[in-house]
Structure formats: structure tokens, C-alpha cells
Amino acid sequence: MLHKFFSVAMALLLLLSTISWTVEKHLCMGRVLDIAFFHSAEDCGMEAGLALLDDASQYEKHCCDDESFTMQGQDDLNHDTFNLDFSQQVFLISFTTSYLNLFQESTDKEVVFDSYPPPILAEDLNILHQVFLI
């Protein structure tokens with residue numbers, strides 16, 4: 001379970017490090033009114049009201065401001081590849097399988113001969129060799 005958790009965490013870390021993030025803020029009178037990720041922030045409507053005024057000097061002194069912050073993701077990821085010839089591949093596979101088989105328990109199956117009758121003997125071998133259990 002822990003292995004799966006770390007796998008998902010590493011995948012998310014890779015995903016988040018390769019995405020470009022854009023955060024936009026709309027400020028009105030020094031206060032943050034709207035924050036938006038990946039698109040533009042909505043304005044408060046005060047700029048539209050100031051645009052209706054005929055006085056250009058008041059329009060230059062507007063109270064709203066937009067700030068944007070962009071964090072670029074990584075685009076130059078290196079893919080590590082191994083160029084191994086056939087003999088090196090055979091060695092790695094055989095070494096890995098033999099090493100992993102050291103830690104596996106061997107379970108011997110009990111072979112049951114109940115369904116097989118004993119062979120028919122032409123003569124009794126115990127008497128022939130004079131071997132008797134006492």
C-alpha cells in the first residue's frame with residue numbers, strides 16, 4: 001500500500017512540475033477582489049464606470065489594477081535509455097531471476113500414490129537377498 005502511495009505521489013509531483021501555472025489577481029483600491037488560475041480574473045466594473053467620464057485626468061488615476069504571475073514548467077525532461085546488447089540483457093535477466101528466487105520459499109508438494117497399485121513382483125526380493133527387519 002505504501003508503494004502505491006509513493007508511486008502516485010511521484011506521478012503527481014512530475015505532473016505539477018511540468019505544467020505552466022498562471023495566476024491573475026484583480027486589485028481594487030489595494031484589496032484583492034478576484035484570483036484566477038489559468039484564465040483572466042474578473043474585474044469589479046469600476047473601470048467601465050470611469051471610462052464613461054469625459055475627464056481624461058481622472059481616468060488615468062483609476063483605482064483598479066491587474067497583476068499576473070506565470071511560473072514556467074519544465075519542458076526539457078531527459079528520458080534515460082539503456083543501450084544494452086543481447087548478452088548484457090541475458091545476464092541482467094538471469095541474474096535478477098536467480099537473485100529473486102533466493103528469497104522464495106520452495107514448497108514441496110506431497111505426492112500421493114493411493115490411486116496407483118504397486119508393481120507385480122516376479123519374486124520376493126527380501127527373501128532373495130535375505131534382508132529381514134527385526
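1. Histidine 26 is found in strand β1, where a strand is a DSSP run of E of at least two residues and a helix is a DSSP run of H or I of at least four residues, each kind being numbered from the N terminus. The structure is a predicted model, in which local features need pLDDT of at least 70 and side-chain atom pairs count only at pLDDT 80 or more, while totals for chains, interfaces and linings use all residues. Residues are numbered from 1 along each chain as its sequence is written, and side-chain values use heavy atoms, with hydrogens and water left out.

2. Is histidine 26 buried or exposed? With a relative accessible area of 0%, histidine 26 is buried; buried means under 20% relative accessible area, exposed means over 50%, and partly exposed lies in between, with a 1.4 Å probe and protein chains only. Leaving aside neighbours within four places in sequence, histidine 26 is in contact with a list of residues that includes Arg31, Val32, Leu33, Ala41, Cys44 and Cys64, contact meaning heavy atoms within 4.5 Å.

3. When residues up to four places away in sequence are not counted, glutamate 67 touches Val23, Glu24, Lys25 and Leu27.

4. With which residue does glutamate 67 meet in a salt bridge? The partner is lysine 25, at 3.6 Å from N to O, a salt bridge being a side-chain nitrogen of Lys or Arg within 4 Å of a carboxyl oxygen of Asp or Glu. This pair links distant parts of the chain, with lysine 25 in strand β1 (residues 21-28) and glutamate 67 in strand β3, 42 residues apart. Glutamate 67 is partly exposed at a relative accessible area of 35%, and lysine 25 also counts as partly exposed, at 30%. By the rule stated here, the count comes to 1 salt bridge.

5. A negative surface patch is formed by Glu42, Asp43, Asp65 and Asp66, and these four residues are also among the contacts of histidine 26. Patches are made of residues with over 30% relative accessible area and no salt bridge, like charges being joined within 9 Å and nonpolar side chains (Val, Leu, Ile, Met, Phe, Trp, Tyr) within 5 Å. Lys and Arg count as positive and Asp and Glu as negative, while His and the chain ends are not counted; the place of a charge is NZ of Lys, CZ of Arg, CG of Asp or CD of Glu. Aspartate 66 lies in strand β3 (residues 64-71).

6. A nonpolar surface patch of about 1100 Å² is made by Phe82, Leu84, Phe91, Leu92, Phe95, Tyr99, Leu100, Leu102 and Phe103, with accessible areas taken from the Shrake-Rupley method with a 1.4 Å probe, and only the protein chains shown counting as cover for residues. Phenylalanine 103 lies in the loop between α4 (86-101) and α5 (125-129) and is exposed, with a relative accessible area of 60%.

7. Turning to the whole protein, its secondary structure comes to 5 helices and 3 strands, which follow the pattern α-β-β-α-α-β-α-α along the sequence. Of its 134 residues, 6% count as buried.
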